[in-house]
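Here's a quick briefing to read with the model open.

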Amino acid sequence: LRQALEADAPELAAFLRGQPHQVQAALLRTRAEGRPLLCVNMHLIQNTLAANCRTLQAALALRHARSWAASLGATEPALVLCGDLNSYHPGDGVIKYLAGDGVPATSYEWVYGRLLGR
């Protein structure tokens with residue numbers, strides 16, 4: 001994804017690199033059943049026009065955290081997600097994405113977000 005972003009939208013890629021963001025993950029096990037529990041804490045970009053970036057950040061953070069958990073032998077862990085999503089209303093793409101819905105290509109996020117970094 002990073003290579004595609006660099007090739008297709010270098011201004012947006014440069015904008016993202018310059019923004020503060022943070023993700024931490026911890027892999028735990030429940031006492032009773034020993035079931036894996038993946039806790040992910042993220043602080044997403046705050047820029048008002050960067051709703052598309054928040055969705056991408058969340059997708060990448062969860063993909064990386066799940067991959068990391070799988071490398072430690074935790075297949076399909078339960079997920080606890082916390083942090084500051086900097087989401088301004090329930091219709092934001094990051095909320096839709098995290099709820100399991102898709103963000104259509106016609107979403108305002110992708111339309112307005114194309115101008116970031118330019």
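This is a predicted model: local features need pLDDT of at least 70, side-chain atom pairs count only at pLDDT 80 or more; totals for chains, interfaces and linings use all residues.

Residues are numbered from 1 along each chain as its sequence is written, and side-chain values use heavy atoms, with hydrogens and water left out.

**Overall make-up**
- The protein has five helices and three strands, taken as DSSP runs (helices H or I, at least four residues; strands E, at least two) numbered from the N terminus.
- Going along the sequence, the order is α-α-β-β-α-β-α-α.
- The C-alpha trace spans about 50 × 30 × 25 Å along its principal axes.
- Of the 118 residues, 29% are buried, meaning under 20% relative accessible area with a 1.4 Å probe, protein chains only.

- D92 is buried but has no salt bridge (a side-chain nitrogen of Lys or Arg within 4 Å of a carboxyl oxygen of Asp or Glu).
- R54 is the nearest side chain of opposite charge, 4.5 Å from D92; Lys and Arg count as positive, Asp and Glu as negative, with His and the chain ends not counted.
- The D92 side chain makes a 2.9 Å polar contact with the side chain of S87 (N or O atoms within 3.5 Å, one able to donate a hydrogen and the other to accept it; residues adjacent in sequence count only if both atoms are side-chain atoms).
- The side chain of D92 also reaches the backbone nitrogen of Y88, at 2.8 Å.

Key
Buried means under 20% relative accessible area, exposed over 50%, partly exposed in between (1.4 Å probe, protein chains only).
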